[in-house]
Each structure stands twice: as structure tokens, then as C-alpha cells.
Amino acid sequence: MSLILQYRHLQYVSCYSIEIYSMSLILQYRHLQYGKYVSPFHDIPIYADEAQNIFHAVVEVPRWTNAKMEIATKDPLNPLKQDIKKGNLRYVANVFPHKGYIWNYGAIPQTWEDPGHKDADTGCCGDNDPIDICDIGYKVCSRGEVIKVKVLGTLALIDEGETDWKVIVINMEDPEANNFNNIDDVRRLKPGYLEATFEWFKKYKVPDGKPENQFAFNGEFKDRDFALKTVKETHEFWKALISKKTNAGELNCTNTCVTDSPFCCSTTDAKAVVDAVSSFHLSNYLAYPTKTA
């Protein structure tokens with residue numbers, strides 16, 4: 001039987017923690033703010049300190065792990081859960097000589113790579129997800145953990161014809177964070193890390209029978225200013241999405257904190273949504289148990 005993991009965010013004042021629900025073999029991790037459910041896609045603020053360009057990031061995949069965890073953008077209140085492919089839980093293969101992901105991997109909330117926007121630099125449209133981050137700090141974070149990060153640069157991955165930015169960041173709690181202010185600092189202080197990052201993204205789908213990934217700018221890492229511009233542009237795309245000024249398609253924009261959004265719902269409604277989803281998953285699990293992958 002498959003073990004399905006879901007994460008939702010739990011916020012107490014300025015910090016975030018995780019509340020775990022267990023139903024048989026189905027685990028759900030839900031996040032709340034002052035006792036109400038929130039979406040890690042829409043409700044966690046993009047900025048931890050806007051004046052200093054410090055951002056929040058939601059850790060989906062801790063360093064050295066393989067389970068392909070991600071914000072479920074099409075589910076109500078967007079839990080963090082493991083991706084499923086062809087009925088099986090998805091794991092990313094090891095890219096020699098590394099074990100799993102080589103950074104804490106996640107996303108910046110309140111951003112969206114618009115699939116209807118053709119990027120002038122890459123020539124490709126967005127991948128319909130929040131913008132991704134690779135945290136190079138020393139700490140191995142937890143799934144669903146919300147951290148404050150400094151943007152250092154970005155890599156433009158072209159994933160099956162879509163723009164998929166990989167923003168290089170460092171956790172502000174890292175003892176060396178003050179020494180990292182731009183992409184060149186990563187080259188100087190962590191020699192080989194950017195090269196390993198490029199090779200990892202280039203080859204990580206090859207064990208699954210897919211070709212090597214391609215990159216814009218010939219695989220060149222762009223600097224902090226370029227990365228900041230890119231992140232802020234995706235925030236503007238998200239603003240249009242959450243205000244219903246652009247077509248959401250299959251994305252679920254239900255939220256509890258963006259009060260001027262037509263998708264904003266009450267605490268009571270949010271709890272009802274979560275309870276309904278939980279009951280649906282449990283009843284389906286009991287009625288149709290799946291085989292072990």
C-alpha cells in the first residue's frame with residue numbers, strides 16, 4: 001500500500017511549524033495561522049523583509065533526500081505532498097556522485113511562472129508553478145519548513161520546453177550568510193557547487209529514460225540583480241492570478257489571508273475544505289487500497 005504524504009503550513013506569529021494528521025497509512029501535514037489553515041502557495045508572504053530583499057521560502061525536499069515532494073498547486077489550500085507518476089510515488093534518482101538533492105529545494109510563495117507569458121530572455125513560457133529555490137546553506141531543513149533566504153543568482157532551466165527558473169539562495173540563519181551576496185561569492189566560497197548544480201539539473205531525468213535538460217544562456221548562472229528581477233516578475237504574475245485577472249486553469253487559488261482576492265475563504269470554510277479532502281482520501285484508501293510500488 002502506498003504511503004501518501006501531505007503537508008500544510010502552521011504559523012505562529014513570525015514562525016511556521018507543522019501539524020501532522022495520521023489516518024491509517026495516509027499522513028497529512030497541514031499548516032495553520034492563528035488556528036486557521038493557510039496555503040503555502042498563496043498565504044505565506046513572499047517577503048520576510050522587503051526593504052532588504054529577504055524572501056520566505058518553503059522547503060519541499062531537504063538536502064540528500066530523494067522523495068519528490070512539492071506544493072500541490074491544484075489541490076485545495078495546496079498541501080505539500082509527494083508527486084505521483086503512473087500510480088507510483090515519485091523519487092528522483094541519484095546523480096553520481098551525489099545522494100538525492102544537493103541543496104534544500106523548495107519554492108518562494110506568492111510567485112508564479114505564468115504559462116501564458118513567453119519570457120523574453122529564454123524564449124519559453126513559464127512552467128505553471130511557484131518559482132523554485134536551491135538553498136545552499138549548511139543546515140539540512142525539514143519538509144515544509146519555512147525559511148528566510150537571500151537571493152544570490154539564478155539558473156534558467158528549460159524543462160520540456162518550459163522556463164523553469166532555479167534561484168540560488170542562502171538561508172539567513174546560516175552562519176556564513178553575510179559572506180554571500182552574489183553568485184560570484186558562491187563560486188569563491190563554495191568552489192564546484194555551481195558546477196555540480198548545473199550537472200545535477202542537466203542529468204537528473206536521464207535515469208528515467210529522458211534526454212538531458214537544456215538551459216538558456218548556455219547554462220550560465222545569472223547574478224543577484226537578474227534573479228531579483230525574475231522573482232519580482234513572478235510575484236506580479238501571481239498577483240494577477242490571485243486577483244482573477246488571468247486564467248487560473250487547473251490551479252487552485254483558495255486562500256485564507258489574501259483578503260482582496262475573490263478566492264479568499266473564511267476560516268470555517270477552509271476547515272470544511274480540509275476535512276472534506278481528508279475524508280475523501282481516507283474513504284478512497286479504505287475502498288481502493290493501492291499496491292506497493
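Reader: Before we start on this predicted model, what is a nonpolar core?

Author: Take the buried Ala, Val, Leu, Ile, Met, Phe, Trp, Tyr and Cys residues. Those that are joined through side-chain atoms within 4.5 Å make up one set, and such a set is a nonpolar core.

Reader: Okay, and how many residues does the largest nonpolar core have here?

Author: Its residues with the most contacts inside the core are Trp103, Ile136, Val186, Trp200, Phe201 and Leu241. Counting the whole set, the largest core has 45 residues.

Reader: Which element gives the largest share of this core?

Author: Several elements supply at least two residues each, among them strands E8, E13 and E16 and helices H1, H2 and H3. The largest share is six residues, and it comes from H2.

Reader: How many residues are in the second, separate core?

Author: Ile131, Val149, Ala156 and Ala216 are included in that one. Its count is 23 residues.

Reader: Back to E13: are the residues on its two faces buried or exposed?

Author: Side chains in a regular strand alternate between the two faces of the sheet. In E13 (residues 104-107), Asn104 and Gly106 sit on one side, with Tyr105 and Ala107 on the other. Both faces are covered, and all four of those residues are buried.

Reader: Which residue of E14 stands opposite tyrosine 105?

Author: E13 has pairings to look at with E8 and with E14. With E8 (residues 54-61) it pairs in the antiparallel sense over three bridges, and there valine 61 stands opposite tyrosine 105. With E14 (residues 132-135) the pairing is also antiparallel, over four bridges. On that E14 strand, the residue opposite tyrosine 105 is cysteine 134.

Reader: Does glutamate 113 count as buried or exposed?

Author: You'll find glutamate 113 in the loop between E13 and E14. The cut-off for buried is under 20% relative accessible area. Glutamate 113 has 2% relative accessibility, so it counts as buried.

Reader: Which residue's backbone nitrogen lies 3.5 Å from a polar atom of the glutamate 113 side chain?

Author: Leaving aside neighbours within four places in sequence, the contacts of glutamate 113 include Gly126, Asp127, Pro130, Thr163, Trp165 and Thr234. The backbone nitrogen at 3.5 Å from its side-chain polar atom belongs to tryptophan 165.

Reader: Last one: what percentage of the chain's residues are buried?

Author: The protein chain has four helices and 17 strands. Among contacts between residues at least 6 apart in sequence, 66% join residues at least 24 apart. Out of 293 residues in the chain, the buried share is 54%.

How values were computed: Residues are numbered from 1 along each chain as its sequence is written. This is a predicted model: local features need pLDDT of at least 70, side-chain atom pairs count only at pLDDT 80 or more; totals for chains, interfaces and linings use all residues. Side-chain values use heavy atoms; hydrogens and water are left out. Buried means under 20% relative accessible area, exposed over 50%, partly exposed in between (1.4 Å probe, protein chains only). Two strands pair if DSSP finds at least two bridges between them. Contact means heavy atoms within 4.5 Å. A polar contact is a pair of N or O atoms within 3.5 Å; within protein, one must be able to donate a hydrogen and the other to accept it, and residues adjacent in sequence count only if both atoms are side-chain atoms.
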